[in-house]
Amino acid sequence: MAERILVVEDEAAIRTVVEYALKDAGFEVLSAARGDDALAVLDDNEVDLVVLDLMLPGVDGLEVCRRVRTTSQVPIIILSARSEELDKVLGLELGADDYVTKPFSPRELVSRVRANLRRARSTPEHGQMLRAGDLEIDPVARSVTKNGEEVYLTFSEFELLHKLASAPRRVFTREELMNHLWQGSFFGDLRSVDVHVRHLRQKIEDDASAPELIRTVRGVGYAFGREVSKA
Ligand code: CA
């Protein structure tokens, strides 16, 4: 069965090009021209991925992203006309998985869609539960608890945490971590690793300003700083 993509874009010319490119690549496509319409479509339909413009009438793209993330881990690719770094980072902070800056080629967008879907389908290699102090990482359920309380992580945050905790004390470079996140198909800004780590720390560290779980190894990358037991 064809995977179903929701395209949210108010500019008809861009929406049409994106719809055409995705259909041509074998995807089923739903579309919406407004943020509120997009949320309604998502309420009524299962979709495999969302392509989301930021500047939208009704509810803007950032708010759509925020609301989707309260209930769903569906991959979201942000389309942004604004090329400032802040916008890209903001999209990631809101739990978007990827971004494409306008103008983009339909072929580039289709390849990002494929990479995101491939990533969403994949499962970690090791099915063992990992424990580090009061933190528990369950790779089968893709859930994390701290002191027995569920911690909500985005797809990328979970993958980074699981990767680091699977090999405690091993130092991973930013490139290694991004290549893990994108299964070798990463291209773009390595600083998005730092954004993911910052958010991860806010969610799992006792004190995010003095992190003990995710250590920064200056000039190299990151390492998990605690003993991990496997169960
Ligand atoms: Ca727009």
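This is a predicted model: local features need pLDDT of at least 70, side-chain atom pairs count only at pLDDT 80 or more; totals for chains, interfaces and linings use all residues.

I begin with the metal site. The calcium ion has as its protein donors Asp10 and Asp53, each through OD, and Met55 through O, at 2.1 to 2.3 Å. Along the sequence, these donor residues follow the spacing D-x42-D-x1-M. The two aspartates thus link distant parts of the chain: Asp10 belongs to the loop between β1 (4-8) and α1 (12-24), while Asp53 lies in strand β3 (residues 49-53), and 43 residues separate them. Their accessibility is as follows. Asp10 has 32% relative accessibility and therefore counts as partly exposed. Asp53, at 3%, counts as buried because the cut-off for that class is under 20%.

I turn next to helix α3, residues 61-71. Which of its residues are buried? They are Gly61, Leu62, Val64, Cys65, Val68 and Arg69. Viewed down the axis of α3, these buried residues fall within an arc of 160°, so they line one face of the helix. The face turned away from that buried side carries Thr70 and Thr71, which are exposed.

Finally, I consider helix packing. Helix α6 (residues 155-166) packs against helix α8 (residues 191-204) at an angle of about 85°, and their axes are 9 Å apart. The two helices are therefore roughly perpendicular. From α6, the contact involves Ser156, Glu157, Leu160 and Leu161. The residues contributed by α8 include Val193, His196, Val197 and Leu200.

Definitions and conventions. Residues are numbered from 1 along each chain as its sequence is written. Side-chain values use heavy atoms; hydrogens and water are left out. Donors are N, O and S atoms within 2.8 Å of the metal (3.2 Å for Na, K and Ca); water is not among the atoms, so sites may look incomplete. Helices (H or I, at least four residues) and strands (E, at least two) are DSSP runs, numbered from the N terminus. Buried means under 20% relative accessible area, exposed over 50%, partly exposed in between (1.4 Å probe, protein chains only). The arc is that of the directions from the helix axis to the C-beta atoms. Axes are lines fitted to C-alpha atoms, for helices over the stretch in contact, and angles run from 0 to 180 degrees between N-to-C directions. Angles under 35 degrees count as roughly parallel, over 145 as roughly antiparallel, 65 to 115 as roughly perpendicular and the rest as oblique. Contact means heavy atoms within 4.5 Å.
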